[in-house]
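Subject: Structure for you to look at

Hello,

Here is the structure I said I would pass on. My notes on what was found follow below it.

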Amino acid sequence: MSGGGRRREESASHPHSQQHLVANGGGGVLRSSLWSKALRSDSSWEDKDEFLDVIYWFRQIIAVFLGVIWGIVPLKGFVGIAIFCLINAGVLYLYFSSFQQIDEEEYGGTWELTKEGFMTSFALFLVVWIIFYTAIHYD
């Protein structure tokens with residue numbers, strides 16, 4: 001019994017250990033802290049996979065957003081695809097090089113970060129673009 005009491009005292013004296021337990025027990029707390037970390041420019045990324053997940057999901061958000069816009073505008077053909085590729089790659093490059101200021105070499109170089117999740121976001125963009133374009137402009 002004294003071991004359990006000591007464990008409670010340790011967690012009471014270390015607020016970070018309680019936060020860690022709460023974060024692991026309630027998945028929402030961990031997710032919100034990851035996104036708040038992603039939106040702060042002074043974040044440090046000890047876990048490389050977390051940062052790669054943020055890059056991946058930012059790409060998916062950009063893909064849906066641009067797909068809706070391209071479908072409404074209506075953009076067609078190669079011009080729409082080329083502009084999507086430039087915006088998607090450019091925004092994420094600015095995010096990790098200027099905003100987060102990470103060392104790209106830790107993640108395999110600039111090219112590895114630039115292509116992280118790109119094909120998935122491209123496919124999602126095409127699906128959303130086609131659905132919105134067809135729903136709005138197809139007779």
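With which side chain does the side chain of lysine 37 make a polar contact? The partner is the side chain of glutamate 50, at 3.4 Å. A polar contact here is a pair of N or O atoms within 3.5 Å; within protein, one must be able to donate a hydrogen and the other to accept it, and residues adjacent in sequence count only if both atoms are side-chain atoms.

Before the rest, some housekeeping. This is a predicted model, in which local features need pLDDT of at least 70 and side-chain atom pairs count only at pLDDT 80 or more, while totals for chains, interfaces and linings use all residues. Residues are numbered from 1 along each chain as its sequence is written, and side-chain values use heavy atoms, with hydrogens and water left out.

Lysine 37

Lysine 37 sits in helix α3 (residues 27–38); helices are DSSP runs of H or I, at least four residues, numbered from the N terminus. It counts as buried because its relative accessibility is 15% (buried is under 20% relative accessible area, exposed over 50%, partly exposed in between, with a 1.4 Å probe and protein chains only). A polar atom of the lysine 37 side chain also lies 3.2 Å from the backbone oxygen of serine 44. Beyond neighbours within four places in sequence, the contacts of lysine 37 (heavy atoms within 4.5 Å) include Trp45 and Gln100.

Aspartate 47 caps the N-terminal end of α4, with a side-chain oxygen 3.3 Å from the backbone nitrogen of aspartate 49. Helix α4 covers residues 48–72, and the 37 Å between its end C-alpha atoms agrees with the 36 Å that its 25 residues should span at 1.5 Å a residue (the expected span is 1.5 Å times one less than the number of residues). Proline 74 lies in the loop between α4 and α5, and a cis peptide bond joins valine 73 to proline 74, with omega about -10°.

Helices α5 and α7

Residues of α5, among them Phe84 and Cys85, meet residues of α7, including Phe122 and Trp129.

Glutamine 101

Glutamine 101 is in the loop between α5 and α6 (110–115). Its phi is positive, about 50°, although it is not a glycine. Most residues other than glycine have a negative phi. Glutamine 101 is exposed, at a relative accessible area of 62%.

Regards

Notes:
Helices (H or I, at least four residues) and strands (E, at least two) are DSSP runs, numbered from the N terminus.
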